[in-house]
Amino acid sequence: MPLDKPYKDVPGTTIFDADQSRKGYWLNQFCMSLMKAPNRERFKADERAYLDEWPMTEEQKQAVLARDLNRCIQLGGNIYFLAKIGATDGKSFQQMAGSMTGMSEEEYRDMMIGGGRPSTWTPPAKEQK
Amino acid sequence: MARITASVYTSHVPAIGAAMDLGKTQEPYWQKVFAGYEPSREWIKANKPDVVFLVYNDHATAFSLEIIPTFAIGTAAEFAVADEGWGPRPVPKVEGHPELASHIAQSVIQQDFDLTIVNKMDVDHGLTVPLSLMCGQPEAWPFKVIPFAVNVVQYPVPSGKRCFMLGQAIRKAIESFDGDLNVQVWGTGGMSHQLQGPRAGLINKEWDNRFLDRLVDDPQGLAEVPHIEYVREAGSEGIELVMWLIARGAMADVAGGRNKPVVKHRFYHVPASNTAVGHLILENT
């Protein structure tokens, strides 16, 4: 019998469950390596070469190179791990979160000051599957 | 005998720590957050515990995907402040209480909660931001801290019900410790927030405030709320709020005490960075 996963239909949300974690293991472990300053330096010096040291999929590497956090998450990344890439790039958590919403940094910040996104939010029609 | 005198609940947003570390607390954006903790800093000076049992979650800092403990108790004499990628926060190291921590581990495991025992662990903003919010910027933290890390990163995280029951076991453990200690239990994380995907930025003031109401008046009922409601209503990272139920489960009324805890302080503010800030102080009577 399949496991109950009632969180699959929450719009604009990917829950980091055991399946996602399995898919994203090396992607997240690569992110974890960026907690060490020498690794951050090596990554910044040659991102592609550094990524090639990890048994990640090509799609995962491309998503990291493009800093496409939504894609990284689809491919098994978890935001707390992906945040290490943001730290390496000198980005705040708000900049990282905002980058996934299609809003500009300013629009996102203003939305938060205005009380945030309502829980009843649904994606614009063109993004709906 | 050790006794639990109070519980404290607070968000642990990393940007709050950064605002303190970078001297931004007087900026209007942050002033609104810190004003809500001024009474708390007075309160803790007047009600200084010997030990804080601090429930928090690690954010891919001490625990990578190599090992993912659901409940981990820190039994070391001290815990270093982690470098989360921006350099370690300039805050004092955290001193543990190995005797009480080991006692709690032994007692709680015998009450059927299979804790992971951790003797070496760096602590991240999940633990240090609540200390900063409550204590400001002292040379040393004014009490010992037992870190208690809960997995809320990889699903499934423990249920609210399980957390509430665990709090009750922790209460029994602390009260059976043969030493005269004033202990507070803190539950941290939340409130509503979502840090990922196109839905990032979610905030739900109504749901959060109902959570605060029920945490005080109906913790048993609140503990029945399933994960999916947290995800839908409070955002994917709002699930951190299950940790508040551990602290609430440790209060006297849950163990059959006659009186509900007294609300010494309550605060709610949106936003701090991506997150709704919630805060409660409850005293046993």
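Analyst: Let us start from a single residue pair in this predicted model. B:Thr10 has B:Thr188 as its bridge partner, and B:Thr188 belongs to strand E8 of chain B.

User: Which strand of chain B pairs with E8(B) over seven bridges, and in which sense?

Analyst: That strand is E1 of chain B, residues 3-10, and the sense of the pairing is parallel.

User: How many bridges join strand E2 of chain B to E8(B)?

Analyst: Five bridges link E2(B), residues 51-56, to E8(B), and these two strands also run parallel. Within E8(B), the residue opposite B:Val51 is B:Val183.

User: Why is E8(B) described as largely enclosed by the rest of the structure?

Analyst: The general idea is to count neighbours: a residue is buried if 20 or more other C-beta atoms lie within 10 Å of its own. E8(B) spans residues 182-188, and six of its seven residues are buried, so the strand is largely enclosed by the rest of the structure.

User: Let us turn to chain A. How many helices and strands does it have?

Analyst: Chain A has nine helices and zero strands. Its C-alpha atoms fill a box of roughly 45 × 45 × 25 Å along the principal axes. Of its 129 residues, 38% count as buried.

User: Which residues of helix H2 of chain A are buried?

Analyst: A general point on helices comes first. An α-helix has 3.6 residues a turn, so residues three or four places apart point the same way. In H2(A), residues 25-33, the buried residues are A:Leu27, A:Asn28, A:Phe30, A:Cys31 and A:Met32. Their cover includes helices H4 (47-51), H5 (58-65), H6 (69-74) and H7 (79-88) of chain A.

User: How many residues of each chain take part in the contact between chains A and B?

Analyst: In chain B, 34 residues are in contact with 44 residues of chain A. On the chain B side, helices H1 (14-21), H7 (205-217) and H9 (227-234) and strand E9 (262-272) each supply at least two residues. H9(B) gives the largest share, four residues.

User: What is the make-up of that side by class?

Analyst: The side of chain B that touches chain A has 17 nonpolar, twelve polar and five charged residues.

Conventions. Residues are numbered from 1 along each chain as its sequence is written. Chains are lettered from A and ligands numbered from 1 in the order in which they are written. This is a predicted model: local features need pLDDT of at least 70, side-chain atom pairs count only at pLDDT 80 or more; totals for chains, interfaces and linings use all residues. A residue is buried if 20 or more other C-beta atoms lie within 10 Å of its own, exposed if 12 or fewer, and partly exposed in between; C-beta atoms are placed from the backbone. Two strands pair if DSSP finds at least two bridges between them. Two residues are in contact if their C-beta atoms, placed from the backbone, lie within 7 Å. Ala, Val, Leu, Ile, Met, Phe, Trp, Tyr, Cys and Pro count as nonpolar, Asp, Glu, Lys and Arg as charged, and the others, Gly among them, as polar.
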